[in-house]
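Subject: Structure for you to look at

Hello,

Here is the structure you were waiting for, followed by my notes on what was found in it. Please keep the model open while you read.

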Amino acid sequence: MERRDPYRILHVDPEADPDVIRAAYRVLARKLHPDGRIGSPLDAAAERRMADLNWAYALLRNAEARAAFDIGRRYRAPAAPAGARS
């Protein structure tokens with residue numbers, strides 16, 4: 001099972017302030033949103049990146065969900081980089 005790290009997706013530190021998380025989301029959403037892709041069709045990878053970005057922001061903007069994720073994160077092994085074999 002692949003685990004996603006919302007902090008890595010949003011390029012923020014786990015101790016980041018909610019305002020920093022919101023700003024990072026807005027910058028990345030503007031960059032990755034399908035409406036901003038003039039002349040190039042939306043491919044599956046871009047669609048997946050935008051879905052991951054939305055998931056990460058939804059998790060981290062909710063203080064209770066973020067706290068629950070952080071607690072669970074302490075007791076799990078770190079996520080493997082994409083493409084790494086175990």
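I start with helix 2 and helix 3, whose axes come within 10 Å of each other and cross at roughly 165°. Axes here are lines fitted to C-alpha atoms, for helices over the stretch in contact, and angles run from 0 to 180 degrees between N-to-C directions. Helix 2 is therefore roughly antiparallel to helix 3 (angles under 35 degrees count as roughly parallel, over 145 as roughly antiparallel, 65 to 115 as roughly perpendicular and the rest as oblique). The crossing of helix 2 past helix 3 is left-handed, a term used if the near helix is turned anticlockwise from the far one by less than a right angle, with right-handed used if clockwise. On the helix 2 side, I21, R22, Y25, L28, A29 and L32 meet R49, M50, L53, N54, Y57 and L60 of helix 3; contact means heavy atoms within 4.5 Å.

Some notes on the source. The model is predicted, so local features need pLDDT of at least 70 and side-chain atom pairs count only at pLDDT 80 or more, while totals for chains, interfaces and linings use all residues. Residues are numbered from 1 along each chain as its sequence is written, and side-chain values use heavy atoms, with hydrogens and water left out.

Overall, the protein has four helices and zero strands, in the order α-α-α-α from the N terminus. Helices (H or I, at least four residues) and strands (E, at least two) are DSSP runs, numbered from the N terminus. Of the 86 residues in the protein, 27% are buried (buried means under 20% relative accessible area, exposed over 50%, partly exposed in between, with a 1.4 Å probe and protein chains only). Among contacts in the protein with a separation of 6 or more, 62% are between residues 24 or more positions apart.

L59, L60 and R61 of helix 3 make the contact with A63, A65, R66 and F69 of helix 4.

Next, the rings. There are two aromatic pairs, counted by this rule: rings of Phe, Tyr and Trp (its six-membered ring) pair if their centres lie within 6.5 Å, and planes under 30 degrees apart count as stacked, over 60 as edge-to-face and the rest as tilted. Y7 and F69 form a tilted pair, 6.2 Å centre to centre with 50° between the planes. Y7 lies in helix 1 (residues 6-10) and F69 in helix 4 (residues 63-74), so this pair ties together parts that are 62 residues apart in sequence. Y7 and F69 are both buried. Y25 and Y57 form a stacked pair, at 4.1 Å centre to centre and 10° between the planes. That pair links Y25 in helix 2 (residues 18-32) with Y57 in helix 3 (residues 44-61), 32 residues apart. Both Y25 and Y57 are buried.

Two further items. R4 lies over the face of W55, 4.0 Å from the ring centre (a charge sits over a ring if NZ of Lys or CZ of Arg is within 6 Å of the ring centre and within 35 degrees of the ring normal). H11, in the loop between helix 1 and helix 2, has a phi near 60°, a positive value in a residue other than glycine.

Regards
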